[in-house]
Amino acid sequence: MIENESVCILPWIHLETTATGFIKPCCLSKDYLRVDNKKINLDTTSIKDIFHCSQMEKLRTAMLKGEKPSNCVQCWELEKIGKESKRQVANKNYKNQLHKIHEKITVPTTLDLKLGTICNLKCRSCDSYSSFKWREDEELLYGRTVNPNRSTNWIDDQSLTWKELEELIPTLEYLEITGGEPFLIKKHFDFLQKCVEKGQANKITVHYNTNGTVKITDRMINIWKNFAKVSIMFSIDGINEKFEYLRFPGQWTDVVANIQSLMVHKEIFFHICCTVSIFNVLYLNDLYKLLDRYKLSENRLYFNMVFEPSYLCIKNFPLPVKQKIKDYLYLQNPTEKITEVINFMLLENKNNLLHRFLYLTEKLDTIRNQSWENTFPELATFIKKS
């Protein structure tokens with residue numbers, strides 16, 4: 001049982017590796033794990049040592065005391081508006097492991113693996129810390145790259161980290177594999193095959209977050225069939241030309257082809273993550289139409305609120321625009337999920353960044369030969385009238 005409302009099971013069972021090899025307690029953590037104020041990297045520190053580092057111990061202790069660590073602010077904000085947070089989902093999914101918060105921990109049993117910045121897209125809500133494709137545009141946009149590291153893959157094929165990961169296979173229960181674009185990071189399929197060979201795959205759940213544009217092969221399907229469960233979440237922020245604008249230079253037809261190929265394999269759980277930003281908040285009903293097209297229930301759709309980059313956050317709309325958006329969304333589709341989006345938008349006013357949104361968006365439009373006003377005409381009307 002959990003004695004207070006600040007405990008999250010994840011610090012007792014989980015670690016996240018970022019696409020550049022640094023480590024966080026989870027993907028929503030505000031900051032990286034550090035030793036002597038230096039970010040911990042798997043190139044120099046073992047997974048076991050990271051799991052038992054002083055910062056992780058302090059996080060666990062704070063939660064047990066009933067404190068709400070500032071590192072976990074994204075969960076606290078979501079819970080404030082009644083939206084289920086990652087903390088709450090984790091506690092529900094791993095309720096059989098909650099006893100571990102009072103026991104001596106050994107190794108993580110769940111991992112979120114981001115194995116490099118290799119990607120084929122440069123999505124509007126991304127940067128070169130997750131996709132190396134962003135480098136050229138960042139040079140033109142800011143005069144520099146946000147991520148100074150030029151490597152696309154922090155974990156090479158011969159890295160000792162692969163050996164460490166293999167040692168964890170007997171106790172692994174959950175693997176989340178993102179990117180970069182995970183389907184382009186081929187070495188991880190060899191690791192999954194090792195799980196199969198060791199007879200542990202049928203005890204492990206694998207979850208992907210993919211941009212949905214990379215062709216799904218027979219080899220992928222044949223490996224996935226050995227695991228206890230495989231869920232594949234496509235990052236779809238809009239359909240047709242809106243997808244192609246936000247997930248540039250992706251092609252919507254590729255996404256549709258991959259959805260249709262997955263629909264054949266009922267043992268694979270397909271769902272959609274929509275990253276909700278200033279760009280697409282008016283067009284969320286398009287995602288419901290997509291669900292209807294494939295006869296999928298609403299629980300296959302997850303709305304992920306943009307916190308960073310902060311200028312894309314929907315809190316930045318002026319209050320009169322927020323009211324118009326609220327009325328517009330309720331008129332289209334007044335679901336509980338839509339209400340959660342609206343509540344997040346209204347949580348606080350941060351319209352000091354709207355000018356930055358317009359400046360950077362129009363500059364990047366020039367670089368990419370795109371037009372946000374043509375792609376999102378209703379949004380343009382709302383903003384211009386504000």
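The model is predicted, so keep its ground rules in mind: local features need pLDDT of at least 70, side-chain atom pairs count only at pLDDT 80 or more, and totals for chains, interfaces and linings use all residues. Residues are numbered from 1 along each chain as its sequence is written, and side-chain values use heavy atoms, with hydrogens and water left out.

Helices and strands here are DSSP runs (H or I with at least four residues for helices, E with at least two for strands), numbered from the N terminus.

**Aromatic rings**

- Rings of Phe, Tyr and Trp (its six-membered ring) pair if their centres lie within 6.5 Å; planes under 30 degrees apart count as stacked, over 60 as edge-to-face and the rest as tilted.
- By that rule, the count is 18 aromatic pairs.
- Take Tyr94 and Tyr174: their ring centres are 6.4 Å apart with the planes at 80°, so this pair is edge-to-face.
- Tyr94 sits in the loop between helix 5 (86-93) and strand 5 (110-114), while Tyr174 is in strand 6 (residues 174-178), so the pair ties together parts that are 80 residues apart in sequence.
- Buried means under 20% relative accessible area, exposed means over 50%, and partly exposed is in between (1.4 Å probe, protein chains only).
- Tyr94 counts as buried at 12% relative accessibility, and Tyr174 counts as buried at 18%.
- Phe183 and Trp224 make a tilted pair, 5.6 Å centre to centre with 40° between the planes.
- This pair links distant parts of the chain, 41 residues apart: Phe183 is in the loop between strand 6 and helix 8 (187-197), and Trp224 is in helix 9 (residues 218-224).
- Phe183 is buried with a relative accessible area of 1%, and Trp224 is buried with 2%.
- Ring pairs also link Tyr245, Phe279, Tyr283, Phe357, Trp372 and Phe376 into a cluster.

**Charges over rings**

- A charge sits over a ring if NZ of Lys or CZ of Arg is within 6 Å of the ring centre and within 35 degrees of the ring normal.
- The charged end of Lys24 does this with Tyr32, 5.0 Å from the centre of the ring.
- Lys187 lies over the face of Trp162, 6.0 Å from the ring centre.

**Helix 7 and its two sides**

- Trp162 is also one of the buried residues of helix 7 (residues 160-168), along with Thr161, Glu164, Leu165 and Leu168.
- What covers the buried residues of helix 7 includes helix 2 (47-51), strand 5 and helix 8.

**Helices packed in pairs**

- Axes are lines fitted to C-alpha atoms, for helices over the stretch in contact, and angles run from 0 to 180 degrees between N-to-C directions.
- Angles under 35 degrees count as roughly parallel, over 145 as roughly antiparallel, 65 to 115 as roughly perpendicular and the rest as oblique.
- Helix 13 (residues 319-332) and helix 14 (residues 336-346) pack at about 180°, with axes 10 Å apart, which makes helix 13 roughly antiparallel to helix 14.
- Their contact (heavy atoms within 4.5 Å) involves residues including Ile325 and Leu329 of helix 13 and Ile338 and Ile342 of helix 14.
- Helix 4 (residues 73-80) and helix 5 pack at about 90°, with axes 8 Å apart, which makes helix 4 roughly perpendicular to helix 5.
- That contact is made by Cys75, Trp76 and Glu79 of helix 4 and Lys86, Arg87 and Gln88 of helix 5.

**Two buried threonines**

- Thr275 lies in strand 9 (residues 268-276) and counts as buried at 11% relative accessibility.
- Leaving aside neighbours within four places in sequence, Thr275 touches residues including Ser125, Asp237 and Arg247.
- Thr18 is in the loop between strand 1 (14-17) and strand 2 (23-24), and counts as buried at 7%.

- Most residues other than glycine have a negative phi, and most peptide bonds are trans.
- The Gly179 to Gly180 peptide bond is cis, with omega near 10°, and so is the one joining Phe248 and Pro249, with omega about -5°.
- Asn37 has a positive phi, near 65°, and is exposed at 64%.
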